[in-house]
Amino acid sequence: MPAIAVESIRNVALLGHAGAGKTLLAEALLGAAGAIPSRNGAGLLDYDPLEKEHRHSIKLACAHFDAEGLRVHLLDTPGYPDFSGQAIAALDAVETAALVVNAQNGIEITARRTALWAQTRKLCRIVVVNKIDAEHLDLPRLLEELQAAFGRECLPVNLPAGGGARVVDCFFNLGGETTDFSSVEAAHRALVEQVVEVDEPLTERYLGGEEIPPAQLHDAFEQALREGHLLPVLFVSAKSGAGVPELNDFLRRLAPSPREGNPPLFEKWPEGDAARAIPFQSVPGPGGHVLAHVFKVEVDPYLGKVAVLRVHQGTLSAGMPLYAGEARKPFRVAHLYAVQGKDLEPIGSAGPGTICAINKVDELAFDMVLHDAPEDAAIHFRPLPIPHAVYGLAVRVKKQSDTQKLAEVLHRLVAEDPGLHVEHDPITHEAVIRGLGEMHLARVMEKMRAQYKLDIDSHPPTIPYRETVTIPAEGHHRHKKQSGGRGQFGEVYLRIAPNERGKGFTTKQPPEETLDLAATLFLHGPVLGQRAVWDLVLVPTVDRGLEPAAFCSIAIVGESPLM
Ligand SMILES: Nc1nc2c(ncn2[C@@H]2O[C@H](COP(=O)(O)OP(=O)(O)O)[C@@H](O)[C@H]2O)c(=O)[nH]1
Ligand SMILES: [Mg+2]
């Protein structure tokens with residue numbers, strides 16, 4: 001089967017707060033297109049056992065449907081800020097960010113944050129107001145709130161009617177129908193005025209009193225989306241299905257294809273140096289060098305490592321050799337798959353704009369650029385603004401024999417989740433997992449216990465406090481050992497004093513009289529001279545003795561290492 005034409009592809013990420021209805025909306029769209037058996041294909045996207053148990057998404061999930069010659073890839077993202085590492089990762093794979101807003105709750109924190117991320121990644125944004133079936137809604141006020149939060153560019157392309165039982169299109173429809181608020185005519189006029197503003201000849205025609213047919217506004221509409229000059233607002237109920245066909249229609253007729261969206265944010269890093277990055281523009285054509293970007297990795301117990309990628313340029317096909325990032329040796333793409341939740345469907349090829357997967361290639365990792373020409377090794381994606389992992393938990397296996405397994409499991413979990421990091425503290429010897437919130441780490445712990453059968457416990461990481469010598473002090477120790485063999489004798493006089501902050505410790509010259517004694521005690525004395533014996537023999541020996549004491553937990557001054 002030939003690859004799908006780039007013009008027929010729409011890539012959409014559903015973003016927004018937890019509970020807004022993103023997952024149900026994705027399932028409703030997939031169900032309406034017949035891509036899944038029933039509209040309530042529960043579990044298709046929230047397929048992780050933990051998602052079923054807790055009833056919310058915790059990872060990015062991909063699915064697709066075909067409708068009227070169109071291929072739509074949907075990326076469903078988790079809404080809690082704890083899992084935003086996975087949500088942000090979706091931004092690199094799409095042209096359209098759909099901000100799903102809960103009509104009952106208004107604009108919640110994740111909707112605001114994701115709107116900003118999408119803007120900085122230069123994505124076309126649309127707002128989907130979900131749950132219009134619910135009671136006691138104030139949708140006109142919500143629209144005002146949207147305009148206050150995201151700008152006057154938020155304009156409805158459809159309006160609810162019949163008390164939220166259906167919606168009426170306002171872009172292709174010029175008027176005549178009654179809606180729950182505002183009028184189709186007014187909404188149509190507002191949209192047209194906004195769209196013509198990006199194109200001078202169109203503005204002139206409009207100001208000249210001409211009624212411009214919507215079909216002639218297509219290119220200007222796309223430009224307005226690209227420039228953030230228009231944020232179309234659509235009303236929908238994922239539950240009742242109201243507005244779902246209209247949303248589908250919007251995706252087909254007005255959402256940008258990979259050619260119409262802003263170009264992906266590729267960069268060239270000369271000699272691997274990100275600081276000298278220069279923008280690189282890919283061409284979304286089926287010919288030319290292959291450029292694809294890994295935006296999701298999942299380790300499946302049966303399928304092995306599954307890397308989900310977005311093709312940006314050229315055509316990928318099963319059997320072809322590809323380079324992973326800066327690797328010098330190519331790997332062979334044994335199989336190529338379309339992704340439907342956790343299921344992989346074999347495909348022969350994938351052209352630009354396609355989201356597909358490769359499995360069982362160990363070297364593939366999140367954020368890698370795959371290419372078929374060695375000279376493209378310097379091409380990267382502009383790094384994502386993934387929040388810092390600030391919450392930490394020290395993890396310990398209860399059985400010593402599980403130590404190696406814990407290391408392997410942590411390695412897998414980190415590969416799957418851009419928001420998760422693991423540190424091995426060299427001072428406390430603890431394995432510390434760091435994530436974006438308590439819930440994030442709680443799910444990681446549950447996954448390790450339930451899915452990987454690890455018997456583990458956790459505690460807050462020990463803080464490796466440091467101590468500083470603040471006043472001078474002296475010590476003296478005499479070592480004598482005469483029991484059996486040759487006797488041993490040693491005597492140490494130690495004087496410590498505060499050093500300059502941040503200088504660590506330095507060994508100072510001893511008084512002149514001890515130099516003489518040191519030299520005579522050492523065999524090299526007569527050959528090297530007093531000063532050299534001190535510098536070459538004694539200082540390194542003393543340093544070797546003091547350093548571990550200063551940097552391990554049995555420090556000279558207290559229980560903690562020395563600063
Ligand atoms: N009344 C109503 N409930 C909905 C609608 N969409 C989703 N829900 C419910 O809202 C809850 C959260 O939905 P979900 O899709 O998991 O939200 P997500 O966190 O954004 O993915 C679930 O109980 C859904 O059944 C809708 O259009 N109307
Ligand atoms: Mg969800």
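Author: Two residues are in contact here if their C-beta atoms, placed from the backbone, lie within 7 Å. The structure is a predicted model.

Reader: With that in mind, how many residues of domain 2 are in contact with domain 3?

Author: Five residues of domain 2 are in contact with four residues of domain 3. On the side of domain 2 that touches domain 3, four residues are nonpolar, none is polar and one is charged.

Reader: How far apart do the C-alpha centres of the two domains lie?

Author: The C-alpha centres of domain 2 and domain 3 are 28 Å apart.

Reader: And which domains does the assignment give?

Author: The assignment lists domain 1 (6-253), domain 2 (266-381), domain 3 (391-459) and domain 4 (473-551).

Reader: Turning to the ligand, which residues are closest to ligand 1?

Author: Gly-21, Lys-22, Thr-23, Leu-24 and Lys-239 are the closest of the 17 residues that surround ligand 1. By class, this shell holds five nonpolar, eight polar and four charged residues.

Reader: Which helix gives the most to that shell?

Author: Helix α1 (residues 22-32) does, with three residues.

Reader: Now the helices. At what angle do α6 and α8 pack?

Author: Helix α6 (residues 184-196) and helix α8 (residues 218-226) pack at about 80 degrees, and their axes are 8 Å apart. Angles of 65 to 115 degrees count as roughly perpendicular, and α6 and α8 are therefore roughly perpendicular to each other.

Reader: Which residues make the contact?

Author: Gln-194, Val-195 and Val-196 contribute from α6, and Ala-220, Phe-221 and Ala-224 from α8. Five residues of this contact are nonpolar, one is polar and none is charged.

Key: Residues are numbered from 1 along each chain as its sequence is written. Chains are lettered from A and ligands numbered from 1 in the order in which they are written. This is a predicted model: local features need pLDDT of at least 70, side-chain atom pairs count only at pLDDT 80 or more; totals for chains, interfaces and linings use all residues. A residue is near a molecule or strand if its C-beta atom, placed from the backbone, lies within 6 Å of it. Helices (H or I, at least four residues) and strands (E, at least two) are DSSP runs, numbered from the N terminus. Ala, Val, Leu, Ile, Met, Phe, Trp, Tyr, Cys and Pro count as nonpolar, Asp, Glu, Lys and Arg as charged, and the others, Gly among them, as polar. Domain bounds come from an automatic or database domain assignment. Axes are lines fitted to C-alpha atoms, for helices over the stretch in contact, and angles run from 0 to 180 degrees between N-to-C directions. Angles under 35 degrees count as roughly parallel, over 145 as roughly antiparallel, 65 to 115 as roughly perpendicular and the rest as oblique.
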